[in-house]
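Hi everyone, and thanks for coming. Today I'd like to walk you through a structure that may be new to you, so please have a look at it while I talk.

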Number of protein chains: 2
Amino acid sequence: VRLGPDDARDRFASARVARLATSDPAGQPHLVPIVFALAPGDVLYSAVDAKPKATTELRRLANIRANPRVAVLVDFYDEDWRRLWWVRADGLASVVPAEEAVEGLDLLASRYPAYRGARPDGAVVRVEISAWTGWSGDA
Amino acid sequence: VRLGPDDARDRFASARVARLATSDPAGQPHLVPIVFALAPGDVLYSAVDAKPKATTELRRLANIRANPRVAVLVDFYDEDWRRLWWVRADGLASVVPAEEAVEGLDLLASRYPAYRGARPDGAVVRVEISAWTGWSGDA
């Protein structure tokens with residue numbers, strides 16, 4: 001069954017990990033897991049490590065700078081497929097310096113203990129979510 | 001630490017769910033969870049329900065027909081971030097009718113009990129994987 005936007009948002013917000021899809025100018029999708037926080041107004045924040053891991057962190061930032069359209073997915077899997085659900089957030093992303101993402105970094109630190117001792121100080125991905133789409137099995 | 005391709009493939013193959021990213025011609029990424037099976041030669045199969053769920057199933061197929069480049073992600077999350085890992089498979093996808101995907105449907109049925117009683121008879125997504133990329137925390 002299709003989920004309403006409020007139910008979809010609540011399920012998404014409860015998840016600890018999501019996946020961020022970007023696309024480069026040639027149409028090659030790129031996909032990485034992210035930790036994230038939702039702010040009021042349907043804004044999602046995700047931090048990039050201060051020391052980017054090889055090219056992966058850089059690719060998502062380069063893609064967003066060239067094409068801000070992104071999709072972010074949360075899903076739940078169970079061997080009983082009636083219990084499956086997923087929620088996708090579509091939106092426009094931007095890359096902002098840590099100094100301009102204090103709200104987002106505060107939210108991330110409050111959600112993830114690992115961020116409290118080592119607050120991210122690299123770039124932050126900020127997504128303005130324009131649509132929530134979700135689906136749930138029957139159970 | 002970066003994972004070697006064999007380790008990456010083994011971890012990916014052990015997962016029960018993955019996420020498929022496609023991109024439409026305008027560069028809008030699309031993202032859905034999938035169940036999948038890997039065949040020899042680094043080919044991934046994923047079935048589409050015979051009765052597609054609204055537009056979601058159709059979107060991934062339309063995207064692949066217009067742009068075969070896809071990414072598929074498996075990830076593991078833990079509150080101890082040293083235990084995190086993920087593997088991404090990049091490749092070229094095609095949409096094949098069920099009659100031409102017997103190997104894939106057999107593999108899917110052997111992996112997922114839910115498919116044994118109700119073998120998928122709709123379209124099958126077939127991905128020729130060209131690159132395995134993976135990362136694991138320190139633990």
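I'll start with one chain, move on to how the chains meet, and finish with a few single residues.

First, some housekeeping. This is a predicted model, in which local features need pLDDT of at least 70 and side-chain atom pairs count only at pLDDT 80 or more, while totals for chains, interfaces and linings use all residues. Residues are numbered from 1 along each chain as its sequence is written, chains are lettered from A and ligands numbered from 1 in the order in which they are written, and side-chain values use heavy atoms, with hydrogens and water left out.

Let's look at chain A. It has 4 helices and 7 strands; here helices (H or I, at least four residues) and strands (E, at least two) are DSSP runs, numbered from the N terminus. Along the sequence, the order in chain A is α-β-β-β-β-α-β-β-α-α-β. The radius of gyration of chain A is 15 Å, close to the 14 Å from the globule rule for 139 residues, so chain A is as compact as a globular protein of that length. That radius is taken over C-alpha atoms, and the rule is 2.2 Å times the number of residues to the power 0.38. Along the principal axes, the C-alpha atoms of chain A fill a box of roughly 45 × 40 × 30 Å.

Together they bury about 3,200 Å², 65% of it on carbon and sulfur atoms; that is the accessible area (1.4 Å probe) lost on putting the two parts together, summed over both.

On to charges. Side chains of opposite charge can pair when their charged atoms come close. Between chain A and chain B there are 4 salt bridges, each a side-chain nitrogen of Lys or Arg within 4 Å of a carboxyl oxygen of Asp or Glu. Over all chains, the count comes to 20 salt bridges. The side chains of B:R19 and A:D75 form one at 2.7 Å, N to O. B:R19 lies in strand β2 (residues 18–23) of chain B and A:D75 in strand β5 of chain A, so this pair joins two chains.

Finally, a few single residues. B:Q28 sits in the loop between β2 and β3 (29–34) of chain B. Leaving aside neighbours within four places in sequence, B:Q28 touches A:R69, A:V70, A:D90, B:T22 and B:S23. From B:Q28 to B:Y45 is 17 residues in sequence and 23 Å in space, C-alpha to C-alpha.

Then there is A:D42, in the loop between β3 (37–39) and β4 (43–47) of chain A. Its phi is positive, near 60°, in a residue other than glycine. B:D42 also has a positive phi, of about 60°, although it is not a glycine.

Definitions and conventions
Contact = heavy atoms within 4.5 Å.
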